[in-house]
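Thanks, everyone. Please have the sequence and the model open while I talk.

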Amino acid sequence: MCCSAAIGSTGCQVAKQHVQDGRKENLEGFMKTFDKELPEDAHPGIYALDCEMSYTTYGLELTRVTVVDTDMQVVYDTFVKPDNEIVDYNTRFSGVTEADLADTSISLRDVQAVLLSMFNADTILIGHSLESDLLALKVIHSTVVDTSVLFPHRLGLPYKRSLRNLMADYLRQIIQDNVDGHSSSEDASACMHLVIWKIREDAKTKR
C-alpha cells in the first residue's frame, strides 16, 4: 500500500519483525470524562488533541499527546512511556524517537489523570479520526468534532481525507512536511484551524 509496487516485488520497507495494532484487544483501563459543576460564567472548554503512537510487544501504544486551545496555544504536551517494550518507534509517522522517551516516566495513567482534570463531559474535543486518539488514550468522551467527518471524502466512509490534504485544500497550508515524522502540536493546531475556518464559512452562508 505504501509504494504501490507489484505484489511479490521486493518490499520498500524493512523491519525486524511484524507489528500489530492491538488497541481493541485489551479493553481494560478505560476512563470516562465526567460531569462537573461549573460557575455560571464558565465554559467547559474547547480543545484540539493529537496523539502519536509507537509499536510495542502489545501493539500500538501512546507515546506522545498534545492538546491545544482555541488560540492554538499548547496547553499540554508530553511524551509517554508505554507499559510494554517498544519494538518500533514508528518514527516515520510518529516523529517519536528513542531519545525522546529515554528520560520519560510519564505513564498512560498519569496522562489520563491530567486530561480528566482538564476536561469534563461537555468539553468539546476536536481531532482528526479522533476515535484513534481516544482509543490510544483509553478515554471515553462523547462531545467531539472530528475533521475527518466534518470534511468527508467524496466516496463516503470508510474513506477519509488526510489532514494534510484538508489543510492544503481549504487553508492553502502545507503540514506534515518534515522527514522526521509528524508533529502532534502541528496536527492538533491544524484541526483547530480547520474547525474555526468551517464555522466562519458556515456563518457567511447563514446571513
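I'll take one serine, then the aromatic pairs, then the salt bridges.

A caution before we start. This is a predicted model. Keep that in mind throughout.

Let's begin with the serine. Where is Ser184 found? Ser184 sits in helix α7, which covers residues 184-206. Buried or exposed, then, is Ser184? Ser184 is buried, because its relative accessible area is 1% and the cut-off for buried is under 20%. Who are its neighbours? Leaving aside residues up to four places away in sequence, Ser184 touches Asp50, Glu52, Arg64, Thr66 and Asp77. Look at Arg64 in that list. The side chains of Ser184 and Arg64 are joined by a polar contact of 3.4 Å.

Now the rings. How many aromatic pairs does a search of the whole structure find? It finds four. I'll show two of them, starting with Phe151 and Tyr170. This pair is tilted, with 4.8 Å from centre to centre and 50 degrees between the planes. Phe151 lies in the loop between α5 (147-150) and α6 (163-171), while Tyr170 lies in helix α6, so the pair ties together parts that are 19 residues apart in sequence. How accessible are the two partners? Phe151 has a relative accessibility of 3%, so Phe151 counts as buried. Tyr170 has a relative accessible area of 30%, so Tyr170 is partly exposed.

Tyr170 has another partner. Tyr170 and Trp197 also form a tilted aromatic pair, at 5.1 Å centre to centre and 55 degrees between the planes. Tyr170 is in helix α6 and Trp197 is in helix α7, so here the pair ties together parts 27 residues apart in sequence. Trp197 is partly exposed, with a relative accessible area of 25%. Phe151, Tyr170 and Trp197 are linked by ring pairs into a cluster.

On to charges. Side chains of opposite charge can pair when their charged atoms come close. How many salt bridges does the structure hold? Seven. I'll go through three of them.

Start with Asp21 and Arg23. Their side chains meet in a salt bridge of 2.8 Å, N to O. Asp21 is partly exposed, at 35% relative accessible area. Arg23 counts as buried, at 10% relative accessibility.

Next, Arg109 and Asp83. The closest N and O atoms of this salt bridge are 2.8 Å apart. Arg109 belongs to helix α3 (residues 108-118), and Asp83 to the loop between β4 (74-79) and β5 (86-88), so the pair ties together parts that are 26 residues apart in sequence. What about accessibility? Arg109 counts as partly exposed, at 43%. Asp83 is partly exposed as well, at 48%.

Last, Glu131 and Lys160. Their side chains meet in a salt bridge of 3.1 Å, N to O. Why does this pair tie together parts that are 29 residues apart in sequence? Because Glu131 lies in helix α4 (residues 130-137) and Lys160 in the loop between α5 and α6. Find that loop again on your screens: Phe151 lies in the loop between α5 and α6 too. Glu131 is partly exposed, with 47% relative accessible area. Lys160 is partly exposed, with 34%.

That's my tour. Questions, please.

Key
Residues numbered from 1 in each chain as written. Predicted model: local features only at pLDDT ≥ 70, side-chain atom pairs only at ≥ 80, totals over all residues. Heavy atoms only, no water. Helix = DSSP H or I, 4+ residues; strand = E, 2+ residues; numbered from the N terminus. Buried < 20%, exposed > 50% of the residue type's maximum accessible area, 1.4 Å probe, protein only. Polar contact = N/O pair within 3.5 Å; in protein donor to acceptor, adjacent residues only side chain to side chain. Contact = heavy atoms within 4.5 Å. Phe/Tyr/Trp six-rings, centres within 6.5 Å; stacked < 30°, edge-to-face > 60°. Salt bridge = Lys/Arg side-chain N within 4 Å of Asp/Glu carboxyl O.
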